[in-house]
Amino acid sequence: MDMNEIKEIFFQECEEQLAELESGLLKLNDGDRDPETVNAVFRAVHSIKGGAGAFGLDDLVSFAHVFETTLDCVRSNKLEPTQDVLKVMLKSADVLADLVSASRDGGGIDESRSRALVKELEALAHGEMPSASAHEAPKPAPKAAPAPAPVAKAEPPKPTDESGFQPIPFTFDGFGDDEEPALEGSVYEITFKPRRELYSKGNEAALLLRDLSRLGDMSINCDMDALPALDKMDPEASYFGWKISLKTVKSEDDIRTVFEFAEWDCDLDVKLAEEAASDEELPMIPVPFDLGILDEPSTSEEEEKAVQSSADETVAAAVSAAETATSVAKAAGRASEKKESAAAAAAAAAQNNAAAAAAAAGQTIRVDLDRVDRLINLVGELVINQAMLSQSVVENDATGTSAVNMGLEELQQLTREIQDSVMAIRAQPVKPVFQRMSRIVREVADMVGKQIRLVTEGENTEVDKTVIDKIAEPLTHMIRNAVDHGIESPEKREAAGKDPEGTIKLSAKHRSGRILIELTDDGGGINRERVRQKAIDNDIIAADANLSDDEIDNLIFMAGFSTADKISDISGRGVGMDVVKRSIQALGGRISISSRPGLGSTFTMSLPLTLAVLDGMVVTVAGQTLVVPLTAIVETLQPEASAIHSFGASQRLISIRNSFCPLVDVGRVLNYRATQANPVEGVALLVESEGGGQRALMVDAIQGQRQVVIKSLEANYTHVPGIAAATILGDGRVALILDVDAVVAASRGQSMKPEMSLAATG
Amino acid sequence: MKKKVLTVDDSRTIRNMLLVTLNNAGFETIQAEDGVEGLEVLEGCNPDVIVTDINMPRLDGFGFIEGVRRNEKYRAVPILVLTTESDAEKKNRARQAGATGWIVKPFDPAKLIDAIERVTA
């Protein structure tokens, strides 16, 4: 794995964190005060900042930092997450998302917007926190003066009271940035006395001394006075202290940095030796250290040897004392090692438990979508192949041995199960799409000066990823429309006695093998007078057309229709509801509207759960094999002559249980034949069309029910009116899948224009 | 013998960076996604050093460190806190929980390896 791959992972993770952030903020907006929600929101921004820092995405880091600081105020209850505060935060989440996209794809963002938000966030953080200094970067530590003057005594940490500890401001950049060093270096006297806490936190005096030795020439003196007799010794207590003389070009800060991790748990005193600058005669003979060796990250053994051999010449006693200290520590280590081996069996068992627990925790895996798609395609082929196999067995061996038939049946069942399972892999909740919508509502509402809240429901409803990807765009457009046209201005709403804040509700649920997405606003509803007038002006309907309320409402889906008197920035982008309707239909879906004047409108979209397979009824029409989606069929019946009634020139109705239903000859609509078939000789499929009305589709015969794999006609050939897609049947022939709504719609007028219909292609 | 490092971080990005950095530096790396998993994995993995994040779901870094220090067998393992929190209060809390040292993000491979070298023999 290289950095680019990790960066890819980072951006993926950002998407997840952004979703987490937004849903958390929305929860807070709804009055959720669960600390875990605030934590999750904070963590999301924090994680983005952490990753961005690693990749040097500075814009992202600095914005995330300001955002995080303000969120931290909320987390520590210094800032009440009021609606106003959350409004700023939601906007900040949007800008953060923009910054992530900009970092990923290049491109810029609206700088003025992000600057304005940074100001707002900072104001929030400061407004409630007069002493906001805690969140500013640590001030650089006062550097040790190069002059030999006694260094301002940094107070050693108070030995007893840990909680009363006052942190000393430090630069933690460590070895990198020393200021112009005095060439000869200075000699520091260091007293270092660890307390037992130092060891219990996993620090080790020998390692600290090793690090210290890397700074320059060092000599060590061990103070062993406190060491008790062996039988009185507590193996975990700290008995030794060290006096160190270090000649180095580094500053006092650098020396203290060595003890950075340990400074609380030891008595540490670092000061310049008084006579260092002037007097060459040092009280201790500097130990010559080979820095070349020490700069390499050598193993500890080599290290110790280096320390030992060089030190032997001069301060043997001191070193042996240091070694004693080390060996005492090692003895303590060995003692715990014994405990370790005793607990070995238990550990092995625990390991198994841990493995099982880990397996239970890792309930999800990430898979490249391409692999899943490939699997789905292969399963599709398998389904077709299995159907072909069944068919050829039936054709070649009419009697069929029971073993073969049983095997085939099992195969069929297995294939079906595999297919369902594979489809389930790609099923995803609609949540991410819904979340995107809340941003659009916010932005558009801001632009048009309306107050709108988006309520979502059933966001965990799952649907195939391909469907999710494709509903985002039509949904976005509908949301924009609802905000721009649906909801009235606050003044109007108040005048009408409504809450000045409008509500848009977006819900999803499963219904009979499809997903139903509803978009409801509590706005003014469709202005039927205006819609009607507009339709007349645009030559969509005749001036004297007599339309029901429902029909008028549905006019907004007609091509070339737009009620906005002036084209606005928001919804007037040359895309109308007709485009929305077409893209929904292209997905095998339906859309309808119901509206109540003064109370609002509801758009209902019904979409298939998957674009890969379909349960269909295989029928024959004029010698052609067609597939009718099973979900559309309410019932099938064999019409009797007495139930057929003619009206008008060529229209016929069928009476079913005392109600009349228009009869649609599929063969005529698709121009398979020139004259109407005799209904009595065929079968009627009662279908529910998008408007809710029923139609009876006439076909010649039903061949059976089958699950078919959908193959796009557009991708392989071209769009054909009245046909949704194609499939390959068991015998290897291509069958067309009927677009029921299109056929019904076409039957309202005449048959489809010949040059566009199938008759032309044969 | 390779030194073994247990890393605990909820960010996939950081986990991967730790993995690459530590593997390149010749460490054996074991990873957990939060404090709870960290304590589970700890049993039986016997790390030479632990690197942990602070802000994590389920069990944060402070809780994780306390958990390790309570564990008779692993209480002396050096623990480095890997976090963007640079202010003294957070560091102090981590230290009180029993952290050995810390590495201030943004993530820098050299700093990480340096810190690990500092606390391991």
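Predicted model: local features only at pLDDT ≥ 70, side-chain atom pairs only at ≥ 80, totals over all residues.

Reader: How many helices and strands does the secondary structure of chain A come to?

Author: Chain A has 23 helices and 22 strands.

Reader: What share of the contacts joins residues at least 24 apart?

Author: Take contacts in chain A between residues at least 6 apart in sequence; 71% of these join residues at least 24 apart.

Reader: Now a helix pair. At what angle do α1 and α14 of chain A pack?

Author: Read the angle together with the axis distance. Helix α1(A) spans residues 3–29, and helix α14(A) spans residues 431–448. They pack at about 65°, with axes 10 Å apart. The crossing is left-handed.

Reader: Which residues of α1(A) and α14(A) meet?

Author: From α1(A) come A:Ala19, A:Glu22, A:Ser23 and A:Leu26. From α14(A) come A:Pro432, A:Gln435 and A:Ser438. By class, this contact has 3 nonpolar, 3 polar and 1 charged residues.

Reader: Let us take a single residue. Why is A:Met3 classed as partly exposed?

Author: Count the neighbours. A residue is buried at 20 or more other C-beta atoms within 10 Å, and exposed at 12 or fewer. A:Met3 has 13 such atoms, so it is partly exposed. A:Met3 belongs to helix α1 of chain A.

Conventions
Residues numbered from 1 in each chain as written. Chains lettered and ligands numbered in written order. Helix = DSSP H or I, 4+ residues; strand = E, 2+ residues; numbered from the N terminus. Contact = placed C-beta atoms within 7 Å. Axes fitted to C-alpha atoms, helices over the stretch in contact; angles between N-to-C directions. Left-handed = near helix turned anticlockwise from the far one by under 90°. Nonpolar A, V, L, I, M, F, W, Y, C, P; charged D, E, K, R; others polar.
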